Amino acid sequence: MTTRLPVVTVTYSPGDHLRHFVETLPGSTTRPVGLVMADNGSTDGAPEAAAAAHDFAEFFPTGGNLGYGTAINRAVTEIARRPGDFDQEFVLVVNPDVWFEPGSVDALLAAARRWPRAAAFGPRIAETDGSVYPSARAVPRLGAGIGHALLGPVWPGNPWTAHYLDDSDMESERTAGWLSGSCLLLRREAFDALGGFDERYFMYLEDVDLGDRLGRAGWQSVYVPSSVIHHDQGHAARTVPEFTLRAHHNSAYLFQADRHPAAWQAPIRWALRAGLELRCRLAIRSARRDLR
């Protein structure tokens, strides 16, 4: 096999995280890899430096800060144009603040052979404190989503948050409603049929939306704990909390509004927008206090 396994990451001044990502990627698989760094306007020079230092990596400027899903879609379109360079069966979508355990991507590829009706495969995600991130969850329905959004910050143990996180089993290979977009092996047949990520999501919940749409189209999403990666979860959100909190709440509204589009459901959408706006303002106020 001469074509490379395509790997796509979105960069936006990723700093030293990107170096660790690029250095550990080749050891994650026996396949040759081709890394496309879809750059949304970095100013730190890190993506350009990585491309210069590693012959399997390339710098792919998107032309502006397009958002996460849009940048991924642009890079996958570029990969599709080059079948001589890139394998067209799968694409690995990964955040640049991830680093890989040896063999972790091969474990995802092996799972893809075991689950022919699955379109998305996600690894076990170890956080910086050693805990396991609940990366395989049920699709949030309206009740659980509202309960988690409104009560999660003040009552973390509430039943709606517990259902939303759905992290009771992070040890077994199993299907899930959606998988964390921090690292996803995607079957291109399914991803392309859905039109990729929904580009209305600037950042956050594009992975939830994708998992839900895959399920509605008859595909499975599979959590693969034999594949292990590490993720510095939320470091970007800590640096610009007001922007990221606003984006998260906008995405939460979009996700639920799309699934309650009827005219008679308008009061639901109004209440959802008002509740999320209040929660967003409170969260921003709290984040500002923490930064002082």
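Trainee: How many aromatic pairs does the structure hold?

Mentor: This is a predicted model, and it holds 3 aromatic pairs. In one of them the ring centres of F21 and F100 are 5.5 Å apart and the planes meet at 55°, so the pair is tilted.

Trainee: Which parts does the pair of F21 and F100 tie together?

Mentor: F21 lies in helix 1 (residues 16-24) and F100 in strand 5 (residues 98-100), so the pair links parts that are 79 residues apart in sequence.

Trainee: Is F21 buried or exposed?

Mentor: Buried means under 20% relative accessible area. F21 has a relative accessible area of 0%, so it is buried. F100 has 3% relative accessibility and therefore counts as buried too.

Trainee: What kind of pair do F191 and F197 form?

Mentor: Theirs is edge-to-face, with 5.5 Å from centre to centre and 75° between the planes. F191 counts as buried at 4% relative accessibility, and F197 counts as buried at 2%. Together with Y68, F191 and F197 form one aromatic cluster.

Trainee: Now the nonpolar core. Which residues of the largest core touch the most other members?

Mentor: The general idea first: in soluble globular proteins, nonpolar side chains tend to be buried together. Here the largest nonpolar core has 32 residues, and F21, L35, L92, F100 and F121 touch the most other members. Helix 4 (residues 104-114) gives the most to this core, with 5 residues. Apart from this core lies another, of 29 residues, including F60 and W219.

Trainee: What does F100 touch?

Mentor: Leaving out residues up to four places away in sequence, F100 touches F21, T24, L25, S28, L92, V94, V105, V228 and I229.

Trainee: Let us turn to strands. Which residues of strand 1 are on one side and which on the other?

Mentor: In a regular strand the side chains alternate between the two faces of the sheet. In strand 1 (5-11), L5, V7, T9 and T11 are on one side, while P6, V8 and V10 are on the other. Both faces are covered, and these residues are all buried. With 7 of its 7 residues buried, strand 1 is therefore largely enclosed by the rest of the structure.

Trainee: In what sense do strand 1 and strand 2 pair?

Mentor: They pair in the parallel sense, over 7 bridges. In this pairing P6 stands opposite G34 in strand 2. The chain crosses from strand 1 through helix 1 to strand 2, and this β-α-β crossover is right-handed. Strand 1 is also joined to strand 4 (residues 90-94) by 2 bridges, and these strands run parallel. There, V8 has V93 as its bridge partner.

Trainee: How many bridges join strand 2 to strand 3?

Mentor: 5 bridges join strand 2 (residues 33-39) to strand 3 (residues 57-61), and the two run parallel. V36 stands opposite E58 in strand 3. Strand 2, helix 2 (residues 46-53) and strand 3 make a right-handed β-α-β unit.

Trainee: How many residues of helix 8 are buried?

Mentor: An α-helix has 3.6 residues a turn, so residues three or four places apart point the same way. In helix 8 (residues 206-216), 9 of the 11 residues are buried, so this helix is largely enclosed by the rest of the structure. Among the buried residues are E206, D207, V208 and D209.

Trainee: What follows helix 8?

Mentor: G218 follows, and its phi is positive, near 95°. G218 is in the loop between helix 8 and strand 11 (220-231), and is partly exposed, with a relative accessible area of 42%.

Trainee: Which residues other than glycine have a positive phi?

Mentor: S13 is one of them, with a phi of about 50°. S13 is in the loop between strand 1 and helix 1, and counts as partly exposed at 30% relative accessibility. Y204 is another case, with phi near 80°. Y204 lies in the loop between helix 7 (188-193) and helix 8, and counts as partly exposed at 25% relative accessibility.

How values were computed: Residues are numbered from 1 along each chain as its sequence is written. This is a predicted model: local features need pLDDT of at least 70, side-chain atom pairs count only at pLDDT 80 or more; totals for chains, interfaces and linings use all residues. Side-chain values use heavy atoms; hydrogens and water are left out. Two strands pair if DSSP finds at least two bridges between them. Helices (H or I, at least four residues) and strands (E, at least two) are DSSP runs, numbered from the N terminus. A crossover is right-handed if, with the strands pointing away from the viewer, the path from the first strand over the helix to the second runs clockwise. Buried means under 20% relative accessible area, exposed over 50%, partly exposed in between (1.4 Å probe, protein chains only). Rings of Phe, Tyr and Trp (its six-membered ring) pair if their centres lie within 6.5 Å; planes under 30 degrees apart count as stacked, over 60 as edge-to-face and the rest as tilted. A nonpolar core is a set of buried Ala, Val, Leu, Ile, Met, Phe, Trp, Tyr and Cys residues joined through side-chain atoms within 4.5 Å. Contact means heavy atoms within 4.5 Å.
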